[in-house]
Structure formats: C-alpha cells, structure tokens
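Please look over the sequence and the model shown here.

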Amino acid sequence: MAVSAGFKADLLGSIPSLRAFAVSLTQNADKADDLVQETLVKAWDKHESFQMGTNLKAWLFTILRNEFYSQMRKRGREVQDSDGLMTARLAVHPAQQGQLDLKDFRSALERLPEDQREAIILIGASGFSYEEAAEICGCAVGTIKSRVSRARAKLQEILNISGEDEYGPDAISAQVMASPNN
Amino acid sequence: MEWKPGVAGEIMTEKTKHGSADDDSGRRLSADPLGANSEIGRKLKQYYDDLVSDEVPDRFAQLLSKLEQAEPAAKKG
C-alpha cells in the first residue's frame with residue numbers, strides 16, 4: 001500500500017517535535033538530526049503498522065527512542081542507569097531572585113541520567129500523558145512517575161532550588177494561580 | 001520497587017494524567033509539579049519550545065520526497 005500524502009504531511013509536521021526530543025536525548029544537534037532522519041526512514045517503511053486515528057506523535061517518538069537506544073548499544077555505550085549513576089555535583093550558580101538562566105538549566109538537564117531526562121521531557125515538555133510516556137518508554141506508568149519525580153528532585157538539587165513553594169516570585173504567582181480545589 | 005499496583009493496575013483514563021489521588025506519587029503529581037507554577041516546569045517548556053521552534057533543515061523535506069519517489073505504487077494512491 002502506498003504511503004498517503006496525508007501521512008507524509010503528518011511526518012513533515014512532526015519533525016520539529018522529533019528534533020526537539022532527539023536533542024533532548026542526544027544532547028547533540030548533529031546526532032539528533034541523524035536520529036530524526038533514521039526515524040523518518042523507519043516510519044516510512046513501517047507506515048502500514050501505524051493505525052490511523054492513533055497518536056502519530058507517540059508512535060514516532062517510540063521509533064526515535066528505540067533507534068536512539070539501539071544505536072547506543074551498538075556503539076558499546078552502556079545505557080545509563082539512574083540508580084548506578086553518581087550525579088556530578090554543582091558548578092552551576094545558585095539561582096538568584098528567580099532568575100534561572102536557560103543555559104544553566106540546559107547543563108543541569110544534561111546531568112540527568114537518560115531515563116530520567118526522557119521522562120521529564122515527555123511529561124513536562126512534550127505534552128504526553130503518563131500513560132503515553134509509559135508506552136513510549138515501554139515501562140509501567142509508576143516507573144515514569146518515579147523517574148519524573150527523581151528528575152525533578154535532581155534538577156532542583158543541581159540548580160539549588162530548595163522547596164519551590166518558598167522560591168522567590170514563584171511563591172506569589174503560585175498563590176495567585178493555585179486553584180483551591182485542584 | 002517503583003511499580004505501584006494501585007496505579008499501574010488501574011484502567012488508565014484521561015483523568016490519571018494528573019495523577020490519581022490515592023497514591024503517594026499521584027498526590028504529589030496532582031499538584032502539577034511541572035506546571036506553570038513551577039520554575040522547573042517553566043524552564044523545561046522554555047528549553048523545549050526553543051528546540052521545537054528551531055528552523056527545520058531542508059534535508060528532511062528532501063528525504064521525504066525521495067522516499068515518496070521511491071514508492072512503486074505512489075501514483076496509484
């Protein structure tokens with residue numbers, strides 16, 4: 001069966017998100033684009049296994065992620081295990097007055113183990129639900145939740161953000177924006 | 001260790017997106033720790049949105065066109 005024009009257009013439309021996810025995983029723009037290219041070729045080849053009406057973005061993210069980990073294994077690079085990894089400590093300036101530099105944030109993100117980084121990206125930035133993220137990563141929902149919360153704790157530690165409730169202007173906006181019944 | 005029967009065993013619906021209220025992690029997550037009230041949540045989105053809005057190189061559109069041309073049945077629809 002031929003690949004439909006709609007499918008091609010949807011692939012094209014997914015490229016910005018795919019690239020963002022790929023950079024988040026690889027932390028390297030060139031490797032990320034190679035990864036996206038591989039993903040597009042794979043997606044094209046397997047287009048028949050995609051079920052119309054289901055989440056194309058989640059399907060593509062799954063392909064990209066699998067490709068990333070299989071490349072890492074091929075290179076003999078051991079996949080980081082968050083439990084076994086010593087987090088490198090500090091070197092990032094403490095956040096002042098709520099001004100957290102994006103560059104500092106990026107380098108903090110880089111220090112997270114891959115499994116935690118991908119979890120917090122999928123949930124906190126890519127807009128996936130916990131269920132979708134679990135499916136993309138091939139693990140239980142509880143595992144994703146735990147990775148996200150460990151990632152968040154580690155980022156707070158690296159960035160010297162103590163309890164976010166007392167954190168600078170955030171405390172004010174939190175009060176204003178918090179809905180009492182949430 | 002990480003697997004919580006109460007969570008993973010549930011039938012997942014839209015509402016669990018925000019965490020279920022009856023387990024520990026769910027309670028913390030129901031406050032949306034990565035939402036707009038959180039510095040980390042905001043930075044995370046800023047970081048990601050920056051990446052998403054990066055201009056897409058032509059190579060990808062060219063690649064898809066190449067793949068399309070290589071499709072034997074492409075014209076038949």
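Met72(A) lies in helix H3 of chain A; helices (H or I, at least four residues) and strands (E, at least two) are DSSP runs, numbered from the N terminus. The model is a predicted one, in which local features need pLDDT of at least 70, side-chain atom pairs count only at pLDDT 80 or more, and totals for chains, interfaces and linings use all residues. Residues are numbered from 1 along each chain as its sequence is written, while chains are lettered from A and ligands numbered from 1 in the order in which they are written.

Because 16 other C-beta atoms lie within 10 Å, Met72(A) is partly exposed. A residue is buried if 20 or more other C-beta atoms lie within 10 Å of its own, exposed if 12 or fewer, and partly exposed in between, with C-beta atoms placed from the backbone. Met72(A) and Tyr130(A) are 58 residues apart along the chain, and their C-alpha atoms are separated by 25 Å.

## Helix H6

Tyr130(A) is one of the buried residues of H6(A); the others are Glu132(A), Ala133(A), Ala134(A), Ile136(A) and Cys137(A). Helix H6 (residues 130–137) of chain A is largely enclosed by the rest of the structure, because six of its eight residues are buried.

The cover over these buried residues includes helix H3 (56–74), helix H5 (114–124) and helix H7 (141–158) of chain A. After H6(A) comes Gly138(A), which has a positive phi, near 65°.

## The loop at Gln27

Gln27(A) sits in the loop between helix H1 (5–26) and helix H2 (29–45) of chain A. Its phi is near 60°, a positive value in a residue other than glycine. Most residues other than glycine have a negative phi. Gln27(A) counts as partly exposed because it has 15 C-beta neighbours inside 10 Å.

## The chain as a whole

Chain A contains eight helices and zero strands. Of its 182 residues, 38% are buried. Among contacts (C-beta atoms, placed from the backbone, within 7 Å) with a separation of 6 or more in chain A, 64% are between residues 24 or more positions apart.

## Confidence

The average pLDDT (the predictor's confidence in each residue, from 0 to 100) of chain A is 82, and 75% of the residues score at least 70. Over residues 81–97 of chain A, pLDDT stays under 50, and the model has 23 contacts beyond four places in sequence for them. Residues 164–179 of chain A also stay under 50, with 20 such contacts. Where pLDDT is low, the predicted coordinates should not be read in detail.

Technical notes: Two residues are in contact if their C-beta atoms, placed from the backbone, lie within 7 Å.
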